[in-house]
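The points below are numbered and may be read beside the sequence and the model.

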Amino acid sequence: CFIVPAASTSLPHGGAVRMVCRLVMGARMVVSTRSFADFTPQASFDIKKCELHRLEEGPSETAVLTREQGLQYYRTMQTMRRMELKADQLYKQKIIRGFCHLYDGQEACAMGIEAGINPTDHLITAYRAHGYTFTRGVSVREILAELTGRRGGVAKGKGGSMHMYAKHFYGGNGIVGAQVPLGAGVALACQYQGNNQVCVALYGDGAANQGQIFESFNMAALWKLPCIFICENNKFGMGTSVERSSASTEYFKRGDYIPGIKVDGMDVLCVREAIKFAADHCRAGKGPIVMELETYRYHGHSMSDPGVSYRSREEIQEVRSKSDPITMLKERMLSNNMASVEEIKEIDVEIRKVIEDAAQFAISDPEPPLDELCNHIFANNPPMEVRGTNPWVKLKSVS
Amino acid sequence: MLHRRDGSRFPPDVTLGIQAKEFNLGFIRPDNLVSHGLRVFRCLLSSVSLFQVNVQDALNQAMDEELERDERVFLLGEEVAQYDGAYKVSRGLWKKYGDKRIIDTPVTEMGFAGIAVGAAFAGLRPICEFMTWNFSMQAIDQVINSAKTYYMSAGGQPVPIVFRGPNGSSAGKLTNIYCFAAWYGHCPGLKVVSPWNSEDARGLLKAAIRDDNPVVFKANELMYGVPFDLSEEVMPKVERQGAHITLVSHSRCVGFCLDAAAVLAKEGVECEVSIFTLSARVCELATFQLQVKQWRRRGWLLFLWATNKLCYFLIFFLHFICTYISVSVSYDQKELLDIRTATTHLKLG
């Protein structure tokens, strides 16, 4: 077959080239392409001003978004969304069991944070961790396989939903609030080693009242640790709304002597600008900073919670239609001619395929073998025997 | 020659004879090099053990050597820096290493234990001191969950941390005197050690700091001031040989066992006192029982947990058993009588 290009004609909307291909067999294929010159390379957006606590200046009120960045953010957020929905589906089919806390609705938080920090910075979060696991570099295959408890999972099937680890990502923690002192400890290590890295320690509105968080605030402020404490306020701690759990719902002010910023967590650009500001603050040696991201989760607390007994379906629908982070980004890009509808559709199709493949892998991969049950109890230890369920059963353990 | 800490000299008989309690090996500094050399020479001549060091100073030495050896090691806890340690275990370390490596924390156990574990995640090797192990209850979640991380990450995230502090009975107190060896010993993934003498304390602390796993290191406050011989090499050992009964204990109660053994020896009952099982892990019990079965005609195992005045009870108890109850265990039957004594189930905290 050979391709015969037609003469390029200039069309009203400028610069498009239409190519007509004639194949040997006689079929005609028309391929319509638009060149890159068609799209706006970058645009500047006004973003919501952040409320500040003990700060004179806050993050920038305009954000510049390039086309590449926009497509990348869209791709990442859409992947997270589809991955969580696939996890929902697999859970209902009882292929995923145990705990499963889904992140859909909050994608802008994970994407915005990752866009604003370096890959060498550190991050730790609580149990709603699948989104962060993805943004920190773990593939969808490994995440879904870990959820189904298979060998190909990121923690070899031994960690599950709440214990996924990656380089500079410390999980995934099951105990509410315990990850915050851990995050402050990672920040201490960054300061100790003098490597100009920061640690982002996330917690929810439910955890925000934990005593150990205030203990961490105290030590972080005392020692000026480069730690960004972020409260992802999705309005509900399990089934308890913030008004019913907290005497003060201004979580960005709860750091008291620590400066705070309140950020619209449904706008990825707003989150990105705020995190950049916070990271600069910490890297300059000014000490920790508290951020509150106002966001929303569409699913219930976990898969065992339908999510409608403590809030109304109308509320969820309203947020979905008015403030969905992915829709917001898509509309911004389309209205500023930064992408086309077809392009976005292509990305969606690609992502669907990736998720399907990953789900297939997660279902078909074998479980870890039983003789590996007792491995990894200790690090760098000689092989040892572990008592089984009764004194006559001995299991092998290798580091 | 040897000097007291305030600069005055010991009388000659003390210098040449039994080591005094004020004798502190410390570090070999230029000003005591000559006296140290003379000490060594004298000891070699008289073939007594080289040094007498109390447990507190042995721990101090261990930490000093490890801090020097590895930049990533640091100490944090309440009063460890400027106060020289609540029990003076970290005396002199802050002056030597400074604020960066010896960190005073506020009185917030859960917070600073979590910070220590987080620092271990990110590649440092913290020593987290609890003023006593009773206060670790405030932070028990962080200690226990540090042990799960290596397993749950399938080997991806080791946690090389040591939690240290005094444990168990103290003098004249009604509270803050509980022993937590059994509590922590039940946690998989956590190594729990509870040494008795200076040699074991020093060796185990060094091993604990170099270990890539979370280690719970329990000392005993009343043992801190007790001097022991300290050799150059550090090896755990059987403290007393005996053929009839094996007494196994940890921490301060080893001393009680030795006292009880001395009394029983007069009655003709030879006790072996062993601190071989330095770890309070329950699952190692089985291994030790098997060991005893193999080479005892009458295998009795006695476990002692921290409590006061147990010595007297122990002597009475053993005397009662030996006199009134004759249990003969044949080698073939491989039966074992396991008697466990412990604190009265009275109160916690």
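How many aromatic pairs does the rule count over all chains?

1. The count comes to 15 aromatic pairs over all chains. Rings of Phe, Tyr and Trp (its six-membered ring) pair if their centres lie within 6.5 Å, with planes under 30 degrees apart counting as stacked, over 60 as edge-to-face and the rest as tilted. This is a predicted model, in which local features need pLDDT of at least 70 and side-chain atom pairs count only at pLDDT 80 or more, whereas totals for chains, interfaces and linings use all residues. Residues are numbered from 1 along each chain as its sequence is written, chains are lettered from A in the order in which they are written, and side-chain values use heavy atoms, with hydrogens and water left out.

2. The pair of Phe130(B) and Phe163(B) is stacked, because the ring centres are 6.0 Å apart and the planes stand at 10°. This pair links distant parts of the chain, 33 residues apart: Phe130(B) is in the loop between strand E4 (125-129) and H6 of chain B, and Phe163(B) is in strand E5 (residues 162-166) of chain B. Helices (H or I, at least four residues) and strands (E, at least two) are DSSP runs, numbered from the N terminus. Both Phe130(B) and Phe163(B) are buried; buried means under 20% relative accessible area, exposed over 50%, and partly exposed in between (1.4 Å probe, protein chains only). One aromatic cluster is formed by Phe112(B), Phe130(B), Trp133(B), Phe163(B) and Tyr184(B).

3. Lys206(B) counts as buried because its relative accessibility is 16%, while Glu65(B), at 31%, counts as partly exposed. Through shared partners, salt bridges join Glu65(B), Glu66(B), Arg69(B), Lys206(B) and Arg210(B) into one network.

4. In chain A, Asp357(A) and Lys353(A) meet in a salt bridge at 3.4 Å, N to O. These residues are separated by about one helical turn because they are 4 residues apart in helix H11 (residues 341-364) of chain A. Asp357(A) is partly exposed, with a relative accessible area of 41%, and Lys353(A) is exposed at 53% relative accessibility.

5. Where the chains meet, 44 residues of chain B are in contact (heavy atoms within 4.5 Å) with 34 residues of chain A. Between them the chains bury about 3,400 Å², 67% of it on carbon and sulfur atoms; buried area is the accessible area (1.4 Å probe) that two parts lose on being put together, summed over both. In chain B, Ile115(B), Tyr151(B) and Met152(B) lose the most area to chain A, together 20% of what that side buries.

6. What is the count of salt bridges between chain B and chain A? The count is 0.

Key: A salt bridge is a side-chain nitrogen of Lys or Arg within 4 Å of a carboxyl oxygen of Asp or Glu.
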